[in-house]
Each structure stands twice: as structure tokens, then as C-alpha cells.
Amino acid sequence: MSETYNRTGLNDKKRNKKNASNAINAGGALVIVIFVVLCLTIFGMLSFATSFADKKLADKNLLAVSQFYEADTKAEEILAQSFDALSSAEGITADGAVTMLEDAGIKDVIITEKSDERIEVSYDVEISDMQTLKCTIDFYIDSQEGTLCYEIQKWQTVITGDLSYDDDLLDLWSGDDYED
């Protein structure tokens, strides 16, 4: 048998073997490229979902913090107005304090007389539909200087909303059906 040579000098059989081995190598590389592209796509989608969830959480945190500081500012304003209204009094009594605070336009406060020359002013400022800022302040006349002073007894965030959870989501074993 005579072998035929083409311009490059290689016979067709050797060329076909070489092309066949290149095709197999290209297929393996193609599988690796597809796998890498698939992995990058999945990781990209996961990082997008994570960043979206982080943004939602940051927005909720921003809302909660801004609502708290708005309520805190309002509570500080009520404290300042109460101090200004009561500072003109020579003595502090619960009845006199009620009148002075009403004249100053301060409403929704609870005033109790703790002792002579000492009253307790309590009020609530709503933070959100689930939280309230509860404030309790003692006002008294300083015996040495004769000036009005106050002590903050309570400045506390309290949950006021109904925290109801959906108990139907989990069907857990209660232990009643256990047999010995």
C-alpha cells in the first residue's frame, strides 16, 4: 500500500488521530468552563440575595432607630416643659403641679405626690405600634439652694404591642403518643 502525503507531509491517518485527540481535550475543557460559569452564576445570585436581605434589614434598623430618637426627643421636650412650668412654683404639691402643667399645655401625665416637696411625674411617648417610651421623673425643691431639681427614675422602652406568633407552623411531637 502506498501512503499519500498532503502538502504538510503527514499522512491522513496520523492527522485524523491527532484531530480526534484534540476533540477529546476540547470537550473536557468545555465541561470545566461550563462548570466554572455555572458556579460563578450561582455565587453571583447568592451574593445578590444576601445583599438584598442586608439592605432590607438595614432599612428596618434605620426606621427603628429614627422612631426611637423621635420619641426620645419628644420625651425630653415634655421634661423641659414640665421643668419650666414647675420652676415658677414656690412649693410643689400634686394639685398645684397638675394645674401648672395643664396651664403649660402638658397633657397625658400622671402626677403623684411622694412626700412633702417631692412629686413624681410619669408619662408615655409612643415609639411605634409595638413600643412605648415610659418616663418617670421626680421633681423636688433642693433644701440648700431652694431651686427646683429633678431625678429621672425611669426612662425605659417597653413592648406594648401583641407579640403573637403563628404556632401552626411547627407540628412538633408533644410526647403524648409514647408507648412503653
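Which residue just after α2 takes a positive phi? Select G105: its phi is about 85°. Before moving on, some ground rules: this is a predicted model, where local features need pLDDT of at least 70, side-chain atom pairs count only at pLDDT 80 or more, and totals for chains, interfaces and linings use all residues. Numbering starts from 1 along each chain as its sequence is written, and side-chain values use heavy atoms, with hydrogens and water left out.

Next, pick D108, in the loop between α2 (94-103) and β1 (109-115). Helices (H or I, at least four residues) and strands (E, at least two) are DSSP runs, numbered from the N terminus. Phi of D108 is near 60°, a positive value in a residue other than glycine. For context, most residues other than glycine have a negative phi. D108 is exposed, at a relative accessible area of 73%. Here buried means under 20% relative accessible area, exposed over 50%, and partly exposed in between (1.4 Å probe, protein chains only).

Now step back into α2 and select A94, A97 and L101, which are buried. They cover an arc of only 55° around the axis, so they sit on the same side of α2. That arc is taken from the directions from the helix axis to the C-beta atoms. Then colour D95, E102 and D103: these exposed residues are on the face of α2 turned away from its buried side.

Time for rings. The structure holds 3 aromatic pairs; Phe, Tyr and Trp rings (for Trp, the six-membered one) pair if their centres lie within 6.5 Å, with planes under 30 degrees apart counted as stacked, over 60 as edge-to-face and the rest as tilted. Among them is F68 with Y69: centres 5.1 Å apart and planes at 75°, so edge-to-face. F68 is partly exposed, at 26%.

Jump to F83 and Y150, another edge-to-face pair, with centres 5.7 Å apart and planes at 70°. F83 lies in helix α1 and Y150 in strand β4 (residues 148-159), so the pair ties together parts 67 residues apart in sequence. F83 is partly exposed at 25%, and Y150 is partly exposed at 37%.

Last stop: show the surface of I32, F35, V36 and L40, which make a nonpolar patch of about 420 Å². Like charges are joined within 9 Å, nonpolar side chains (Val, Leu, Ile, Met, Phe, Trp, Tyr) within 5 Å. Areas come from the Shrake-Rupley method with a 1.4 Å probe; for residues, only the protein chains shown count as cover. L40 is in helix α1 (residues 12-86) and is exposed at 58%.

How values were computed:
Patches are made of residues with over 30% relative accessible area and no salt bridge: like charges are joined within 9 Å, nonpolar side chains (Val, Leu, Ile, Met, Phe, Trp, Tyr) within 5 Å. A salt bridge is a side-chain nitrogen of Lys or Arg within 4 Å of a carboxyl oxygen of Asp or Glu.
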